[in-house]
Amino acid sequence: MEYVIDMRNIRKEFPGIVANDNITLQVKKGEIHALLGENGAGKSTLMNVLFGLYEPEQGEIYVKGNKVVNNDPNIANSLGIGMVHQHFMLVDKFTVTENIILGKEPTKGGKVDLQTAAKEVQALSDQYGLRVDPYAKVEDISVGMQQRVEILKTLYRGADILIFDEPTAVLTPQEIVELIQIMRKLVSEGKSIILITHKLKEIMEVCDRCTVIRRGRGVGTVDVKDSNPDSLAAMMVGREVNFTVIKGISEPKESVLTIKDLVVLDSRKVPAVNGLNLTVKAGEIVGIAGVDGNGQSELLEAITGLRKANEGSIHLRDKDITNKSPRSVTVSGLAHIPQDRHKHGLVLDFSVGENMVLQTYYQKPFSTNGILKFSPIFDKAKKLISEYDVRTPDAYTPARALSGGNQQKAIIAREVDRDPDFLIAAQPTRGLDVGAIEFIHSKLIEQRDKGKAVLLVSFELDEIINVSDRIAVMYEGKIVAIVDPKETTEQELGLLMAGGKRGTVNAE
């Protein structure tokens with residue numbers, strides 16, 4: 001049988017690690033083919049080999065039956081292969097059209113012909129139901145729209161084989177539904193899609209076949225209709241995975257975080273948090289559910305000292321931490337797993353060991369009189385790497401070289417190890433595999449059971465319902481309802497998140 005993509009026995013090595021060890025991937029024309037594996041299993045590496053970003057040490061690649069030497073993304077583009085990266089490759093200040101044509105600009109009379117290009121972009125957008133405005137600036141559109149721009153970029157270059165790398169990691173539930181519709185439309189028009197994902201629900205819903213890789217090796221390819229989430233998860237991590245979050249009944253005690261009448265302005269000086277009240281008690285996990293852009297980021301920035309509060313107060317136990325510096329807030333007993341691990345969680349070019357002490361490097365034994373002591377720093381890092389199963393060659397490896405899940409584990413190790421009274425977990429499992437998600441949920445519940453207060457902010461409604469003891473729904477900068485996760489559904493939460501009413505509920 002002829003495959004549109006036939007990668008045979010691919011081996012790719014990096015110093016100290018074999019990322020792909022003799023992997024074969026075969027994709028049929030007109031199918032959505034899932035590539036499933038744990039964080040760090042080698043999925044993105046394999047796709048970067050296909051896209052020409054990496055050259056393999058051994059193996060052969062056939063595209064539409066022809067053997068190719070693909071060592072340059074431009075060659076990949078000419079072969080009809082396009083890649084929608086997990087971290088978008090867009091210029092914020094440019095318009096949608098300018099981003100799409102970048103590097104392939106049509107000219108007229110020696111000038112870039114933006115008008116013709118915009119018409120082409122509009123036509124492609126209409127053809128695939130993408131609803132993208134060619135003249136909008138990228139910085140003014142939602143994350144979901146930015147992803148559609150990335151898809152259009154590949155289509156504009158004539159791609160008929162599209163690689164989606166973790167495409168739903170940053171999307172809201174509604175945007176995920178729309179993306180699945182877009183992928184089906186692309187396939188109906190004769191495209192073939194390789195979908196890198198950890199989300200078993202999405203594989204079951206949209207994929208035809210699934211290739212599983214584990215720790216750099218191929219485990220097998222299965223027809224999705226003949227499999228189920230349990231069997232796929234077991235193939236992926238090599239053991240049974242527990243999908244239900246196991247936890248006892250919470251026993252909340254005294255208030256740890258108390259927010260009263262909080263007002264926080266966004267970057268345009270408009271109230272993003274608008275008179276918000278919330279209490280989180282010792283021994284409970286409060287989940288915040290809300291559509292992205294309803295003030296969640298600004299709320300967390302105000303609590304952690306990264307953004308000024310304009311009105312209202314924030315107390316951590318009996319301390320007023322309103323508008324205190326981030327370090328002052330941290331020292332008061334707060335730990336923060338930020339929603340963007342690259343921008344706010346890690347210094348990517350620092351080693352794993354250095355990242356492990358970013359909150360404590362100025363304390364003994366990690367420094368004396370302002371001089372860092374590297375021996376205790378790396379001793380501590382090695383202990384945390386082992387305890388939290390951070391998969392890294394060693395503590396001296398740059399954080400940038402770790403997979404997303406292992407970067408997240410390093411952040412959680414650093415924050416939880418400080419034994420905080422109050423832990424903020426913002427999108428803690430974004431882009432992670434089922435094994436890592438299971439681990440992180442267990443750590444959050446462990447903190448709760450130690451009598452800590454936990455605030456969980458997530459766009460994953462099943463995560464909010466499964467992990468939280470109370471759910472606070474946030475809409476237009478306010479807490480509009482507090483619901484019991486045992487007595488609600490994703491549908492009801494979705495209604496409340498869109499501004500629907502359930503009855504007046506006290507937010508305390």
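The chain is divided into domain 1 (3-237), domain 2 (250-333 + 423-501) and domain 3 (342-419), and the model described here is a predicted one. For "domain: ABC transporter", an unreviewed UniProt entry lists residues 5-240 and 257-501.

### Where domain 2 meets domain 3

The centres of domain 2 and domain 3, taken over C-alpha atoms, are separated by 25 Å. Where these two parts touch, 14 residues of domain 2 are in contact with twelve residues of domain 3. The table gathers the values computed for this interface.

| Item, domain 2 and domain 3 | Value |
|---|---|
| Area buried between domain 2 and domain 3 | about 1,100 Å² |
| Part of that area given by carbon and sulfur atoms | 62% |
| Part of the area buried by the side of domain 2 that R327, T330 and F439 lose together | 37% |

On the side of domain 2, the residues that lose the most area to domain 3 are R327, T330 and F439.

Which side chains meet in a salt bridge at 2.9 Å, N to O? They are those of K452 and D419, and across the interface of domain 2 and domain 3 the rule finds one salt bridge. Between domain 2 and domain 3, three residue pairs are counted as being in polar contact, with both residues of a pair at pLDDT 80 or more.

When the residues of the side of domain 2 that touches domain 3 are sorted by kind, seven are nonpolar, four are polar and three are charged.

### Two points in the backbone

The peptide bond that runs from K364 to P365 is cis, with omega near 5 degrees, and P365 lies in the loop between α12 (352-356) and β19 (367-368). In the other loop, which lies between β11 (209-214) and β12 (217-223), the residue to look for is R215, a residue other than glycine whose phi has a positive value, near 50 degrees.

Methods: Residues numbered from 1 in each chain as written. Predicted model: local features only at pLDDT ≥ 70, side-chain atom pairs only at ≥ 80, totals over all residues. Heavy atoms only, no water. UniProt positions renumbered as here; feature names shortened; annotations may be inferred. Domains from an automatic or database assignment. Contact = heavy atoms within 4.5 Å. Buried area = accessible area lost by both parts, 1.4 Å probe. Salt bridge = Lys/Arg side-chain N within 4 Å of Asp/Glu carboxyl O. Polar contact = N/O pair within 3.5 Å; in protein donor to acceptor, adjacent residues only side chain to side chain. Nonpolar A, V, L, I, M, F, W, Y, C, P; charged D, E, K, R; others polar. Helix = DSSP H or I, 4+ residues; strand = E, 2+ residues; numbered from the N terminus.
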